[in-house]
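Dear colleague,

I am passing on the structure below, together with some notes on what turned up in it. Please look through the structure alongside the notes.

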Amino acid sequence: MADPMRIRAVARDGAVNVKVLVAHEMETGQRKDASGKLVPPHFISNVRATYQGKVVLSAQWGPAVAKNPFLEFTFKGGRKGDKIVVTWEDSKGESRTDESTIN
Amino acid sequence: MNRRSIKLKVVVALAGLAVVCAAHAQKKEAAAPSKKAAASATRDAVTTEFEKFRELMEDASPAELFEARGEALWKAKRGPKNASLEQCDLGLGPGVLKGAYVQMPRYFADADRVMDAERRIVHCMVTLQGFKAEDLAKQPFSSESRTPDPVLLVTYVAGQSRGMKIAIPQKHAKEREIFGIGREIYNFRAGPWDFSCASCHGEDGKRIRTQELPNFTSKEQAIRAFQGWPGYRMTGGLMHTLQWRLNDCFRQQRFPEPGYVSETLTALLTYVGANANGHVYKGPGIKR
């Protein structure tokens, strides 16, 4: 199973700043291994962040996003002590969901 | 033609292909001062830009992902003896991690020798968990397919000293002895290029390609040997420790590569590390 994400969320001036570190290979499908064979693509295709059941961020990613990607975003209206939930799905259909309490 | 000028010619010929220390590059550039000025302006811009990027990434470094994996590994019961590393003594008592990393290399009475962080952790894996040192030394460095256990463990332990001052002890006679040995190795010129560590890291303002090289003999710059290590390298996205960094320095000097967690590396880390005493360590970092 995939490693957990590191999520930090801080409420400031009526908005919540969220920083997410994702552990993922993000293979483009363009690279070749030592024996010259193409390394099959394996990348995160969808990212979703929800706050109290409402989607606050939804993104479609492609192979151009870096390995172990870092995502930072801000949304309005979040409160300290509540939870933010982040989910990703990748091109192989694997997924992972983690949550963090807003500070 | 004397030996030195022959060597200079060979190095200049290789400049396009190989990594060349600025000790030689400077001689070449002396003939074209305007070119040199232009090169240094570009270098500063590149370095400044990367510094900005590093600052941005510092509170969200992918190194943290490796720290988390290392923590799970530290606490897990593993190896032939089915034990965790929680009883591992890193110099401040069994299981005490806070501040341990910034106080190694240090003398360990149970092993009767000075050990650096990675060497000590490997020692614990062998004595507490029953792993074989030979097995751990087989593939000690990170590759595309694998991050070795000691790398994850060192990254976790290093993270427990974030924001603390480097305080490598020099009280025990063996600690002072190995500091002296480290200084000897640092200045020892050998190999096909007649290099020593000091050839590149012995005076200010040297570089390899665009990478500025710290002068570790200076108190102000010695911290740069520890800062950012263990480091997540953007190139390839691999996590590396100081064992790898020093090994690669040996390789670049065309030296025989040192054994994994060998006495030689402990000596070098003691010498450079103790020079950096008093500086604040920022934890596992990010490298180009």
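**Notes on helix α4(B) and its surroundings**

In this predicted model, the buried residues of α4(B) pack against elements of both chains, namely β1 (6-12) and β2 (15-21) of chain A, and α7 (149-159), β6 (228-233), β7 (238-240) and β9 (284-287) of chain B. Those buried residues are Ala63(B), Glu64(B), Leu65(B), Phe66(B), Glu67(B), Ala68(B), Arg69(B), Gly70(B) and Trp74(B).

When contacts in chain B between residues at least 6 apart in sequence are considered, 69% of them join residues at least 24 apart.

As for how the chains meet, 9 residues of chain A are in contact with 7 residues of chain B. The side of chain A that touches chain B is made up, by class, of 4 nonpolar, 1 polar and 4 charged residues.

In chain A, one residue to look at is Asp90(A), which lies in strand β6 (residues 83-90). Asp90(A) counts as buried because 20 other C-beta atoms lie within 10 Å. Leaving aside residues up to four places away in sequence, Asp90(A) touches His24(A), His42(A), Phe43(A), Ile44(A) and Ser45(A). The C-alpha atoms of Asp90(A) and Trp61(A) are 9.0 Å from each other, with the two residues 29 apart along the chain.

Note on methods: Residues are numbered from 1 along each chain as its sequence is written. Chains are lettered from A and ligands numbered from 1 in the order in which they are written. This is a predicted model: local features need pLDDT of at least 70, side-chain atom pairs count only at pLDDT 80 or more; totals for chains, interfaces and linings use all residues. Two residues are in contact if their C-beta atoms, placed from the backbone, lie within 7 Å. A residue is buried if 20 or more other C-beta atoms lie within 10 Å of its own, exposed if 12 or fewer, and partly exposed in between; C-beta atoms are placed from the backbone. Helices (H or I, at least four residues) and strands (E, at least two) are DSSP runs, numbered from the N terminus. Ala, Val, Leu, Ile, Met, Phe, Trp, Tyr, Cys and Pro count as nonpolar, Asp, Glu, Lys and Arg as charged, and the others, Gly among them, as polar.
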